[in-house]
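Open the model in your viewer and keep the selection tool at hand. The stops below say what to select and what is there.

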Amino acid sequence: MQKFNIRLVLFSFFMMAVLCACMKSEDRIHKLALWYTQPANDWNEALPLGNGKLGVMVFGNPINERIQLNDDSMWPADSDDWNNPEGNKDDLEAIRNLLFEGKNEKADSLFVNKFSRKKVVRSHQTLGDLFIDFKHQNITEYKRELDISKAIAKVTYKTYNQLFTEKIFVSNPKSVIAVELTTQSQEGLRARLRLSRPDDDGFPTAKTFTRGQTQLVMQGEVTQRKGFFNSEPYPILNGVQFETCLHVTHEGGDLVKGSDFIDLSGVRKATLYLVSNSSYYFEDYQAQNQKDLEAVASKSFETLEKEHIKDYQNLYSRLDFRLKDNHLDSIPIDERLKRIKDGHVDTNLETLLFQYGRYLLISSSRPGTNPANLQGLWNEHINAPWNADYHLNINLQMNYWLADVTNLGELNRPLFDYIDRLVASGQKTARTNFGCRGSFIPHATDLWAPTWLRAPTAYWGCSVGAGGWLMQHYWQHYEYTLDHTFLRERVWPALNEVALFYSDWLIEDPRDGFLVSAPSTSPENRFYNPQGLSVATCLGSAMDQQIIYEVFDHYLKACDLLQIDDPLVEKIKSQKARLRPGFVIGTDGRLLEWDREYEETEPGHRHMSHLYGFHPGDYVTKNRTPELFEAVRKTLDYRLDHGGAGTGWSRAWLINCSARLLDGAMAHKHIQLLLQKSMSANLFDLHPPFQIDGNFGYTAGVAEMLLQSHETNGIRLLPALPPQWTEGSITGIRARGGLCFDMYWKDHKLEKAVIHASIDQNFNLNYEGKTKPVGLKKGQTYTFIP
Ligand code: FUC
């Protein structure tokens, strides 16, 4: 009896310890969720989950549940004849001569005709759908939720008063989509499981069948019958091959299989493990599916769930952001968006959307996967808007603005791997088309990383700054980490190629002797030339000049740090000194967007390309270039007065620019407008249509409002705190130089900042106009109290 009691006491202690441990970790990670009281009516209301490579959109429909499936490698094939166009060095010279003669419109058309593959349609595509036909009726207490602190979606409701639960996550450690269906009803569940994939222009793209008693299989190949190349129809009849396997286990009741479906009959609980692999990642993708299934077959849903949460939170929980609670969590998100449209401010939704950006990056970009495309990886189309590909004149870059600063540095890896593929492919384009050494990277490309231009018009697609802009990401990651090996092994080889290209690309402008990029455009915008024609090409747009300056600057710094002694170093030094300045103030105080002061065709254009060196670059700052700083504000005011920031991503860029202007009120105004004008019910950013860059850009913008480390003279704390954020904290936000910050503020004043150094570091802290020098050794922490 006594023995039994001791055991009981020990057991109670053990249970208490377990509970405390659980409570601790639950408590530490603040729950944030998107939730609704109805199923998704359309795709933009469904809830996204993903492990970087595989993704789902959960609709939560009690009648015909739809779980839309994604794989980031679902692309039609590359084709041997999709290669560089005929343009060569002589054509380039002819275009330059036209520009010298002021014949911009002729230069525009020659550029497109000789150097571009014009309209191209080759799209990332949906993997298909898992349908679960429940035909549930008499629904009460419906709730659909995405917990972004755990990356788990849950649908619960009562059908005829019996509780039903659907839980789903996408595991990164195990590469499996796991779904658990549970009912409390005595009769159990009845449902039909089906896999399918949309047709491509009327042609089937996959076949579905059952394998053994418990597996439903879908096999197919990506095609693009409505493909286009060179503005001509080009049906693509082959592509990435794939297999999707759904393995079902159940408690109670039976599984009944048909030729292409599995029925659950009287089942109390069903566990669905869905694996999917493609020929892009694995030669034997079908064998890989079996391996993936074997890895989970003996694991319970709970075990996989725990492992998933741990893996996810290892990234997610590094950063916590809170604003004074407005206690609106009890209201569903769609209702809260309505309140915001009515003019209410919802600060907790602002923090939720911030973490949602991090959530979406963790879910769509993991080491080893493809980088997040225009839609991350969530896409229900065969012919997606803009091919859901990679646009390099803002969009892909914006997707990664948040990575370093919000403590998700390793999620840059897919971007860096992709950049290296572009750099390799761009060497041929640089050489054959432009007679330049180094590497040329175009404004848009896709999974196969081709580097020919795809520009139906000169203004849409003929920009040449993409390579330089991508180098900024390599450079910034170095600045955040100061990882010398990374600088030597990854940054320098790519930067060297891109710098070499620009070095060969530059010409002397006969009008003033400056070195300029030519032909040169300002992405997607046009101007009226002296003949009154709306044209795109010029001799040295502001953006190209700023980008090339930055590339040269980073190249020289890298060579210095790595002690590289190369003839190119001297050449680039002298070229940098002869570059026409990228920032020139016009007669009305605004910055010029092209080589001279022209009237723009679209004064409210969504791209703010001529501010590149202000943001995302770091050339213009309040202290270093005060006149340019003021000119930036005037430029933005003018853009906005003429209807600027019309798309979600453009508005997100405005938030970043406002933060860099150190204007919290302005930043918040654009946050509110983003929420009012560019948010779908599932908090996906809308261009419209859905484009994920605005989500990522928003998160980066909020980080920029709270901490800025791009200036040489110091790190700014709470540089653009808006009046609405009176009280709050952010922990785990990163600054350049291997530093990590925890900041707490109240009554709109910083209370303290705790700084952790991962390397030896001397730096200045700037808060409210005062500067505090700090020196820290690796591993040391410093607390700053203003
Ligand atoms: C650029 C933008 C468009 C859109 C497209 C995907 O061309 O100018 O607004 O975001 O990319």
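How many salt bridges does the count come to? The count comes to 48 salt bridges, a salt bridge being a side-chain nitrogen of Lys or Arg within 4 Å of a carboxyl oxygen of Asp or Glu. This is a predicted model, in which local features need pLDDT of at least 70 and side-chain atom pairs count only at pLDDT 80 or more, while totals for chains, interfaces and linings use all residues. Residues are numbered from 1 along each chain as its sequence is written, and side-chain values use heavy atoms, with hydrogens and water left out.

**Stop 1**

Select Asp133 and Arg194, whose side chains meet in a salt bridge at 2.9 Å, N to O. The pair links distant parts of the chain, 61 residues apart: Asp133 is in strand E5 (residues 128-133) and Arg194 in strand E10 (residues 189-196). Helices (H or I, at least four residues) and strands (E, at least two) are DSSP runs, numbered from the N terminus. Asp133 counts as buried at 10% relative accessibility, whereas Arg194 is partly exposed at 30%. Buried means under 20% relative accessible area, exposed over 50%, and partly exposed in between (1.4 Å probe, protein chains only).

Next select Asp420 and Arg490, which form a salt bridge at 2.8 Å, N to O. Here the pair joins helix H10 (residues 413-434), which holds Asp420, to helix H12 (residues 484-505), which holds Arg490, across 70 residues. Asp420 is partly exposed at 28% relative accessibility, and Arg490 is partly exposed at 23%.

Move on to Arg590 and Glu600, with a salt bridge of 3.1 Å, N to O. Arg590 lies in the loop between helix H14 (567-578) and strand E26 (599-600) and Glu600 in strand E26, so the pair ties together parts 10 residues apart in sequence. Arg590 is buried at 13% relative accessibility, and Glu600 is buried at 6%. Then select Asp509, Arg511, Asp512, Arg580, Asp595 and Arg596, which salt bridges with shared partners join into one network.

**Stop 1: Asp91**

Select Asp91 in helix H2 (residues 89-100). The side chain of Asp91 reaches the backbone nitrogen of Asn88 at 2.9 Å. Leaving out residues up to four places away in sequence, Asp91 touches Glu86, Leu110, Lys114 and Phe115, where contact means heavy atoms within 4.5 Å.

**Stop 2: Ser116**

Ser116 sits in the loop between helix H3 (104-115) and E5. Is Ser116 buried or exposed? Ser116 is buried, with a relative accessible area of 1%. Its side chain reaches the backbone nitrogen of Lys118 at 2.7 Å. Beyond residues up to four places away in sequence, Ser116 touches Pro85, Phe111, Asn230, Leu453, Arg454 and Ala455.

**Stop 3: the largest pocket**

Finish with Glu479, Lys557, Asp618, His710 and Thr712, which lie nearest the centre of the largest pocket among its 40 lining residues. Helix H11 (466-481), helix H13 (542-562) and strand E32 (761-767) are the elements that give two or more residues to this lining. H13 gives the most, with nine residues. A pocket is, on a 1 Å grid over the protein atoms alone, an open set of points where a 1.4 Å probe fits, with protein on both sides within 12 Å along at least five of seven lines; lining residues have an atom within 4 Å of a point.

Technical notes
Polar contact = N/O pair within 3.5 Å; in protein donor to acceptor, adjacent residues only side chain to side chain.
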